[in-house]
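Please take a moment with the sequence and the model before reading on, and keep both at hand while the text moves from one part to the next.

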Amino acid sequence: VLLVDAGSLEVRALVGSADFDDAAIQGQVNGVRAPRSPGSALKPFVYGLAIDRGLIHPGSLLDDAPLAFRDFNPENFDRDFMGPIRAADALVSSRNLPAVSLAARLPPDALHDLLAAARVRRLGSAAHHGLALVLGGVEVSMEELGSLYAMLARRGEWAPLRLREDIPREAGIRLLGPEA
């Protein structure tokens, strides 16, 4: 569990394990800092980047149809297609194909550069991740995702989370426009 005050970026609650002292469940592993696949959790940032670049608005029609990029053949989780779908609905429904198609219309390093600027630690090169990045092709921690989602609440301004009150607040950097 990670509870963040998006305004101050202070972590108000953090529970990284069910029982710190229970070796049977590896209780001393902090799940908030543990790397894992983010699945669809990075999709909002592709949509935000596309809005910033004037490629879409929430009502824009995207195509939820089969795609192929060399060796990458993404699918939707339900292995079905919806055809034309509004961008807002595609994001809310977590459709993979519109998100990948949108990422392909962005500059090749756009999502990678946003994640790097937000200090996502396990990033390889943009070429290494390719379009799979939007579907969770990099491990991130809950702490990193928390800072990214706090950036959305802060209208595109990112700064690191503050785990302790005695840590000085860092100046934020703009990663997305307020409209996105």
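The paragraphs below go through the pockets, a surface patch, the salt bridges and a few residues in loops.

This is a predicted model, in which local features need pLDDT of at least 70 and side-chain atom pairs count only at pLDDT 80 or more, while totals for chains, interfaces and linings use all residues. Residues are numbered from 1 along each chain as its sequence is written, and side-chain values use heavy atoms, with hydrogens and water left out.

Rolling a probe the size of a water molecule over the atoms shows where empty space is left. A pocket is an open set of points on a 1 Å grid over the protein atoms alone, where a 1.4 Å probe fits and protein lies on both sides within 12 Å along at least five of seven lines; its lining residues have an atom within 4 Å of a point.

The largest pocket holds about 280 Å³ of space. It is lined by 15 residues, of which Ala103, Pro107, Pro108, Gly130 and Leu131 are the closest to its centre. Helix H3 (96-105), helix H4 (110-117) and helix H5 (126-129) each supply at least two residues of this lining, and the largest share, three residues, comes from H4. Helices here are DSSP runs of H or I with at least four residues, strands are runs of E with at least two, and both are numbered from the N terminus. By residue type, the lining of the largest pocket divides into twelve nonpolar, two polar and one charged, where Ala, Val, Leu, Ile, Met, Phe, Trp, Tyr, Cys and Pro count as nonpolar, Asp, Glu, Lys and Arg as charged, and the others, Gly among them, as polar.

The second largest pocket has about 170 Å³ of space, and its lining divides into five nonpolar residues, one polar and five charged. Among the residues that line it are Arg33, Arg119, Glu143, Trp158 and Leu163, and helix H6 (residues 142-153) gives the largest share of this lining, three residues.

Is leucine 163 buried or exposed, or does it fall in between? It counts as partly exposed because its relative accessibility is 32%; buried means under 20% relative accessible area, exposed over 50%, and partly exposed in between, with a 1.4 Å probe and protein chains only. Together with Leu14 and Ile167, Leu163 forms a nonpolar patch on the surface, with about 200 Å² of accessible area in total. Such a patch is made of residues with over 30% relative accessible area and no salt bridge, with nonpolar side chains (Val, Leu, Ile, Met, Phe, Trp, Tyr) joined within 5 Å and like charges within 9 Å. The areas come from the Shrake-Rupley method with a 1.4 Å probe, and for residues only the protein chains shown count as cover.

The structure holds twelve salt bridges, each being a side-chain nitrogen of Lys or Arg within 4 Å of a carboxyl oxygen of Asp or Glu. One of them joins aspartate 64 and arginine 95, with 2.7 Å from N to O. This pair links distant parts of the chain, for aspartate 64 is in strand S3 (residues 61-64) and arginine 95 in the loop between helix H2 (87-92) and H3, 31 residues apart. Aspartate 64 counts as buried at 1% relative accessibility, and arginine 95 is buried with a relative accessible area of 3%. In another bridge, the closest N and O atoms of arginine 79 and glutamate 75 are 2.1 Å apart; here arginine 79 is exposed at 62%, whereas glutamate 75 is partly exposed at 42%. Arginine 12 and aspartate 5 also meet in a salt bridge (3.3 Å, N to O), and a network of salt bridges links Asp5, Glu10, Arg12 and Arg162.

Finally, some loop residues deserve a look. Glutamine 26, in the loop between strand S2 (10-14) and helix H1 (43-52), has a phi near 55°, a positive value in a residue other than glycine. Arginine 70, in the loop between S3 and strand S4 (83-86), likewise has a positive phi, near 45°, and counts as exposed at 84% relative accessibility.

How values were computed. Grid points are joined across faces, edges and corners, and a volume is the space filled by probe spheres set on the points.
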